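Take a look at the structure below.

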Amino acid sequence: MDEPVTPKRPVGVRDVAARAGVSRQTVSRVLNEHPEVAGDTRERVLAAMAELGYRVNNAARALGTRRSRTLGVLASDALQYGPSRSLAAIESRARGAGYWVSAAFADAGDAGSVVAAVQHLVSQGVEGIVVVAPHAQTLDALDALQIGVPIVTLHSAGRGARGLSVDQAAGARLAVAELADSGHTRIAHLAGPADWLEAESRAEGYGRELAARGMQPGPVIVGDWSAASGHAAAAAVRELGVTAVFSANDQMALGLITGLREAGLDVPQDVSVVGFDDVPDAAHYWPPLTTVRQDFDELARRAVATVIGEAAAPQHPVQPELIARASVVPPRR
């Protein structure tokens, strides 16, 4: 009969110290990044950790240093492309700066849910919080809190003193300008949901660019970000007789193109379309979609730099970029 296997105990600081030939206090100093450790000693300790498979206990280290090396991320909607892409970029930037990420999700329409999510992150000892907050209700709930750690918000269209954003209105103006410069004068807007701050800013930018050119406001059709809502909007676009549509995101543009084709209209010959976001598939739509690209990596870089107290990140909005492809041509005469 086989002898029972005794589980091996985890490797501890004592083991690392013995292997490296140093004191436990020296190992602790290396773990806590103390500046007064000689370079060769530090390398010897790190080598011993690697040989023994030592795992850093972040909770224990936080007790001794009051630093968890963890950032909190609060998301009130992570299903859409922009917020989900930002979450991935924040994770990457945080890891590059030597931090882990702890995420909590909240219902934007429930202030209690937002408060509970923030309290959960703070209880984890996070050193700062990045809030992916596309809804005004989330910001309202945050404004009532005394959080006690650095905090910034993304996807809040720059609203509030702590907001970092891509300039949504400027992006919308780029989209409308591309259509107007191609000769279109009857331009509709397929808008995002009214409770999204970025949808509101893109609609404002659409109207602002038309006004700046002395053009009459076009019709606005409200969608819900999905390709299905873009497809449903095709009937209204056809009835309105417009020659171009600025869609507030690429998914709705995809559905719109399909719906217009099913209705017997050609894109872009009968109706030109511009999207927003530049999702990875946008270059492979048919036709390849002209769209507005957001720099989510730069937004994440600024957010992480701000909450960990690096050199002050720029507060001005990140500028978007128009990506011209084949979905825009001059209107038929």
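**Salt bridges and cores**

E209 counts as buried, at 10% relative accessibility (buried is under 20% relative accessible area, exposed over 50%, partly exposed in between; 1.4 Å probe, protein chains only). This is a predicted model: local features need pLDDT of at least 70, side-chain atom pairs count only at pLDDT 80 or more, and totals for chains, interfaces and linings use all residues. Side-chain values use heavy atoms, without hydrogens and water, and residues are numbered from 1 along each chain as its sequence is written.

The partner of E209 is R173, in a salt bridge of 2.7 Å, N to O (a side-chain nitrogen of Lys or Arg within 4 Å of a carboxyl oxygen of Asp or Glu). R173 lies in helix α8 (168-181) and E209 in helix α9 (197-212), so the pair ties together parts 36 residues apart in sequence. Helices are DSSP runs of H or I, at least four residues; strands are runs of E, at least two; both are numbered from the N terminus. R173 is partly exposed, at 27%.

R213 pairs with D181, with the closest N and O atoms 3.0 Å apart. D181 is exposed, at 59%. Shared partners join R173, D181, E209 and R213 into one network.

The largest nonpolar core has 26 residues (buried Ala, Val, Leu, Ile, Met, Phe, Trp, Tyr and Cys joined through side-chain atoms within 4.5 Å). Its largest share, five residues, comes from α11. Apart from this core lies another, of 19 residues, including A75 and V166.
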